[in-house]
Amino acid sequence: MSDSVALDPVDLEILRILQNDARTTYRDLASAVGVAPSTCLDRVARLRRSGVILGHALRLDPSRLGRRLEALLSVQVRPHRRELIGPFVERVRKLPESRALFHLTGPDDYLVHVAVADAADLQRLVLDEFTSVKEVARVETRLIFQQWSCGPLLPPGATHQPRPGDASA
């Protein structure tokens with residue numbers, strides 16, 4: 001949904017807790033926010049129906065999967081026309097190395113977060129999957145040394161008070 005949803009302090013606390021650990025049980029969640037488990041269940045269901053909660057994701061450690069090198073690829077597509085955007089996006093999303101894809105304004109059209117085995121694998125990916133595509137005019141590669149998760153995501157004006165054990169603390 002594109003419209004903002006009105007959220008009260010209990011909703012915000014539910015979202016904060018679930019963003020730090022989506023596996024939190026409804027019983028523990030209800031206890032933490034000070035409502036009955038049934039009320040908590042109803043609130044989470046409402047947050048899902050309204051489109052605030054889009055789903056749950058499993059985070060993996062790429063290095064444990066043999067993908068020890070991560071990079072950001074800035075990609076320029078020429079000509080930048082609608083009929084080329086869809087196929088390019090689908091092609092990149094299907095690559096097993098792709099972690100995230102962003103369509104941008106500015107000199108670069110896309111930013112692609114990739115995870116590969118090593119420098120040779122990164123070179124293969126850039127040459128075989130990006131620069132070999134005739135519409136790709138330029139690829140600029142930046143290695144990622146380290147990254148951090150941020151959050152939780154709250155509406156503008158809502159404040160986050162980190163608690164011990166929070167992933168974002």
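Let's start in the loop between β1 (69-77) and α4 (82-94), where Pro-79 sits. This is a predicted model, and in it the peptide bond leading from Arg-78 into Pro-79 is cis, with omega near -5°. Another cis bond joins Gly-151 to Pro-152, with omega near 5°. Pro-152 belongs to the segment after β4 (136-144). For context, most peptide bonds are trans. Here are the two bonds side by side:

| Peptide bond | Form | Omega |
|---|---|---|
| Arg-78 to Pro-79 | cis | near -5° |
| Gly-151 to Pro-152 | cis | near 5° |

Next, a hairpin. Strand β2 (residues 98-103) pairs with strand β3 (residues 110-116) in the antiparallel sense, over five bridges. If you want a place to begin looking, His-103 has Tyr-110 in β3 as its bridge partner. Six residues lie between the two strands of this hairpin, and Gly-106 adopts a positive phi near 100°. Most residues other than glycine have a negative phi.

Now for the helices. How do the axes of α1 (residues 9-20) and α3 (residues 37-49) cross? They come within 11 Å of each other, at an angle of roughly 80°. Angles of 65 to 115 degrees count as roughly perpendicular, so α1 is roughly perpendicular to α3.

Which residues of α1 and α3 meet? From α1 come Val-10, Asp-11, Ile-14, Leu-15 and Leu-18, and they meet Cys-40, Arg-43, Val-44, Arg-46 and Leu-47 of α3. Sorted by class, this contact has seven nonpolar residues and three charged ones, with no polar residues.

Notes:
Residues numbered from 1 in each chain as written. Predicted model: local features only at pLDDT ≥ 70, side-chain atom pairs only at ≥ 80, totals over all residues. Heavy atoms only, no water. Pairing = 2+ DSSP bridges. Helix = DSSP H or I, 4+ residues; strand = E, 2+ residues; numbered from the N terminus. Axes fitted to C-alpha atoms, helices over the stretch in contact; angles between N-to-C directions. Parallel < 35°, antiparallel > 145°, perpendicular 65-115°, else oblique. Contact = heavy atoms within 4.5 Å. Nonpolar A, V, L, I, M, F, W, Y, C, P; charged D, E, K, R; others polar.
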